[in-house]
Amino acid sequence: MPATPEPTARANHLNFRTMLSTAAYLSDAQISYGVDTDIPQAMQSMDPWTVTLTTEHGSESFPYFMGRGHNGAEPEVADLIYSLVSDASFLECEPDQVTYETGKAIEANTAKMAHLFGSYWPTLQQMDEDQIREIF
């Protein structure tokens, strides 16, 4: 007979199940080369991508830039989600460290993610990169 899991292990397992349901919430992702927006000067040397995420709440597109060191490799959905989570956290913690334009772009992307993921967005915001990679 298997041993009863420790309470902490059970809590971690339940938390993991919550994370998996977050991933299931994403019904589609499309990634295409290029963006439909002006490319900021600082990103002119990067590969531009458009990542469109779809949930039951609709679809939203996000520009995503990767350095040339990726040799044109397509980004993964987890890359975009972690980037958006990190940006939102940085703006919240260090608002004086971003330009007005950058802050507005982060706010717009954060609003898109809140729209797409609804009550799951705060859960995503609490995840670290490894957790996001594990479920997306």
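Biologist: Which residues have the most contacts inside the largest nonpolar core?

Modeller: The model here is predicted. Its largest nonpolar core has 23 residues. Those with the most contacts inside this core are L53, I81, M113 and F117.

Biologist: In what order do the elements of the protein chain run from the N terminus on?

Modeller: The chain has five helices and three strands. Read from the N terminus on, the order is α-β-β-β-α-α-α-α.

Biologist: Which strands stand at the edges of the sheet?

Modeller: Three strands form an open sheet, ordered β1-β2-β3, with antiparallel pairing. An edge strand has a single partner, so one of its sides is left without a neighbour in the sheet. The strands at the edges are β1 and β3.

Biologist: What is the bridge partner of L53 in β3?

Modeller: β2 and β3 run antiparallel, and nine bridges join them. L53 is also among the residues with the most contacts inside the largest nonpolar core. Its bridge partner in β3 is E60.

Biologist: At about what angle does α2 run to β3?

Modeller: α2 lies across β1, β2 and β3. Its angle to β3 is about 90 degrees.

Biologist: And what angle does the direction of α3 make with that of β3?

Modeller: α3 packs on the sheet and touches β2 and β3. The angle between the directions of α3 and β3 is about 140 degrees.

Biologist: Why does M43 count as partly exposed?

Modeller: M43 is found in the loop between β1 (28–33) and β2. Buried means under 20% relative accessible area, and exposed means over 50%. M43 counts as partly exposed because its relative accessibility is 29%.

Biologist: How many Å apart in space are M43 and Y64, C-alpha to C-alpha?

Modeller: In sequence, M43 and Y64 are 21 residues apart. In space, C-alpha to C-alpha, they are apart by 10.0 Å.

Conventions:
Residues are numbered from 1 along each chain as its sequence is written. This is a predicted model: local features need pLDDT of at least 70, side-chain atom pairs count only at pLDDT 80 or more; totals for chains, interfaces and linings use all residues. Side-chain values use heavy atoms; hydrogens and water are left out. A nonpolar core is a set of buried Ala, Val, Leu, Ile, Met, Phe, Trp, Tyr and Cys residues joined through side-chain atoms within 4.5 Å. Buried means under 20% relative accessible area, exposed over 50%, partly exposed in between (1.4 Å probe, protein chains only). Helices (H or I, at least four residues) and strands (E, at least two) are DSSP runs, numbered from the N terminus. Two strands pair if DSSP finds at least two bridges between them. Contact means heavy atoms within 4.5 Å. Axes are lines fitted to C-alpha atoms, for helices over the stretch in contact, and angles run from 0 to 180 degrees between N-to-C directions.
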